[in-house]
Every structure is written in C-alpha cells, then in structure tokens.
Amino acid sequence: MADGRTVEELAGVLEREHDLDPDGLIRLLTAPEAEPLRRAADRVRAKSVGAEVHLRGLIEFSNYCRGSCYYCGLRAGNHRIRRYRMTPGEIIATARQAVALGLKTIVLQSGEDLFYTEKELCAIVSALKNMDVAVTLSIGERPKSVYAALKRAGADRFLLRIETSNEALYTRLHPGMSYQNRVRSLYTLKELGYEIGTGCLVGLPGQTPAMLAADLLFFKKLDADMIGMGPFLPAPGTPLAGAAGGEVEPVLRMMALARLLMPAINMPATTALSVKDNDGYQKGLSWGANVIMPNMGRREYKRLYAIYPGKRDIPPAEQLVKIKAVLVELGREVGRGYGGRKK
Ligand code: SF4
C-alpha cells in the first residue's frame, strides 16, 4: 500500500515512472515533510524542460464577464468594480510594446465577454501573429466554430482552467455553468490543434486533498500542455469574500506533483502565488515551474482586472528587470524561443 511508504519512496516512484496512485498523491500532498518532493520535481524540471523560463506577456483586455463564479471579483453580479474594454487598436499597441521588450508569447485574457465579434478577435490574433509571436487565448467558453476560426487566424494556445475537477464542487462554485461543457471545451480545443492549458485553484472551501489528487490525474488524462495553479484568494464583492484563503505550500506541492506526473508541461509560477507570497516566483520556480506571465497592461486596467485582490502595480519594463534578477539568483535563464511544449 502506498500509505506505508515514505515520502522519499513515493517521490522516487514518481520521478522514475511519472505516475502514482491517488493514495500516494494524497500522502505527498499531506505528509509533514515535502522537501524530497521539491527536489525530485526540480530534477525532473531540469531534465525535461531545462533551465529556461519562458516569459508570456499578459494583456487583460476586458473585465466584463457574463459568468458568476463564486470566487471571482469579475463576476457579473459584482457592481463594486468599474468595467473596461480595450479597443482592438489598444490591444495591438500593447502587444507591440511587449514584443519590443523581447517577449515571444502574448496571452490575451478577458472575462467571458461576448462584446468582441469573432471577426474582431480574429483580426487581433492575425495582427499579433504578424509580430512573430505565439498567441495564447484565455477568453472562456465559446462555440466550437469560434475556437476553430481563432485557430485558423493563427492562435496557438488556449487556457481554460477547470478550477476543480470535482463535478459537485464545480457545480456549487459556478452557477449557470456546466461541468460537462467545460470538459468538452477542453477536448474540443485539443482536437482543433491548440496547445491547451488548464489548472485549478488550491484551497477552495470544501476542497479536499483527494479532490486535488483527482485534479492532477484529470490533467494527466487530458494530456494538458500547460498547467496553471494558484491559491484561492477571497475577493471582495463575491459570495466567498469572507472565506479563508488558500495557503502557499499546498500550491507548491501541487506544482511539484504536476511536474513529476507530466515532465514536459509548461507551468507558470502564477501571479496569485506571487501575491500571496513575496517570494512566490522564486518558490514556484524551485517547485517545478518554468514560466512567468508578466502583466503588460496599463496600470488603470491592471487595477480593475480584480479577479482577486493584492495585485502589485509595477510597470512592465520594471517587472521584467525584477523577474530577470530572480532568474539570475536561481541560475535560470530567459527562454529564447516561443516556448511551446517540448515533445
Ligand atoms: S472566473 Fe472567469 S468566467 Fe468566472 S466570473 Fe471570473 S472572469 Fe468570469
């Protein structure tokens, strides 16, 4: 039985076989000691994706959302925040600035905002592709025809976090949304040829270690190319505003386990992790991460894109200086290519 084995033994199995039963994963998520897990994940990260850390320029182009996710400050029912939409011209100009700073991937993220037409979104993607960058979209659930049109326009990757793979918890936290549709959307994106990213929140009310272990096995079964995970941070104006937030260490353990289960994935040290912990980037990069997503937006938009509170207001060029200093400190280097998933 996995339960009788030590943390070192379980981490060793994962390092060799990149697979483990749910009991073993739960044990590694809850054992008092985690350092053997971190070391194994760091070795697998170095062997599988190397020292490079890919920087993805994030543009949060609209904070309108039709969704009502319980944990998210952008939910339609939150009237405390002022809403904004960037024009296509602004989005393209912001991307150009990110490219001038040397970034090779642009991530376009928004709430589920149906204001932009398929034609407008495709035109934005084409304009970005002309800048010789990889384009990642994070715009929520859309019909297959829209995903297909955006792919034809040149989009390379798509982020759609499942947030929790537990259907009952998902349903409780996402009124009006369908778990089945979320999962179907991920498989549709994959079938259309996108590199797909998913991930979860860690520390949600009602979430158990068994659910987190199931999340990891869900990601593996999906064969996701990118995994993003962060602590649940309660946001003002949401039904979970008064809930206890998630902690940093469980997120780090989840990241280490994801790296060990899926050695070649791209995985960010998320902004949420860096909000919760001043050393969040350093820690994330030491527990399996190989991506950072600096925010390229203008300060007033950054402030209004309030999925959770506490985001720091640092200009893009300054963020890059700070990130590069972290990489030097850790003996890592900025990724030179587009940073697609290693085959
Ligand atoms: S998590 Fe996404 S879909 Fe849900 S309310 Fe926030 S922005 Fe909208």
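What percentage of the 343 residues of the chain count as buried? I looked this up before anything else, keeping in mind that the model is predicted. I noted that 47% of the residues count as buried.

Entry on the fold. I listed the secondary structure and found 14 helices and eight strands in the chain. I then checked the radius of gyration, which is 19 Å, while the globule rule gives 20 Å for 343 residues. The two values are close, so I put the chain down as being as compact as a globular protein of that length. For the extents, I noted that the C-alpha trace spans about 60 × 40 × 35 Å along its principal axes.

Entry on contacts. I took the contacts between residues at least 6 apart in sequence and found that 78% of them join residues at least 24 apart.

Entry on A34. I placed A34 in the loop between α2 (22-30) and α3 (35-49). Is A34 buried or exposed? I counted 20 other C-beta atoms within 10 Å of A34. A residue with 20 or more counts as buried, so A34 is buried. I also looked up A34 against V334: the pair is 300 residues apart in sequence, and their C-alpha atoms are 28 Å apart in space.

Entry on the ligand. Which residues are around the ligand? I wrote down C65, G67, C69, C72, L74, R75, G111, E112, G140 and I307. Sorted by class, this shell holds five nonpolar residues, three polar ones and two charged ones.

Key
Residues numbered from 1 in each chain as written. Predicted model: local features only at pLDDT ≥ 70, side-chain atom pairs only at ≥ 80, totals over all residues. Near = placed C-beta within 6 Å. Nonpolar A, V, L, I, M, F, W, Y, C, P; charged D, E, K, R; others polar. Helix = DSSP H or I, 4+ residues; strand = E, 2+ residues; numbered from the N terminus. Rg over C-alpha atoms; globule rule 2.2 N^0.38 Å. Buried ≥ 20, exposed ≤ 12 C-beta atoms within 10 Å, placed from the backbone. Contact = placed C-beta atoms within 7 Å.
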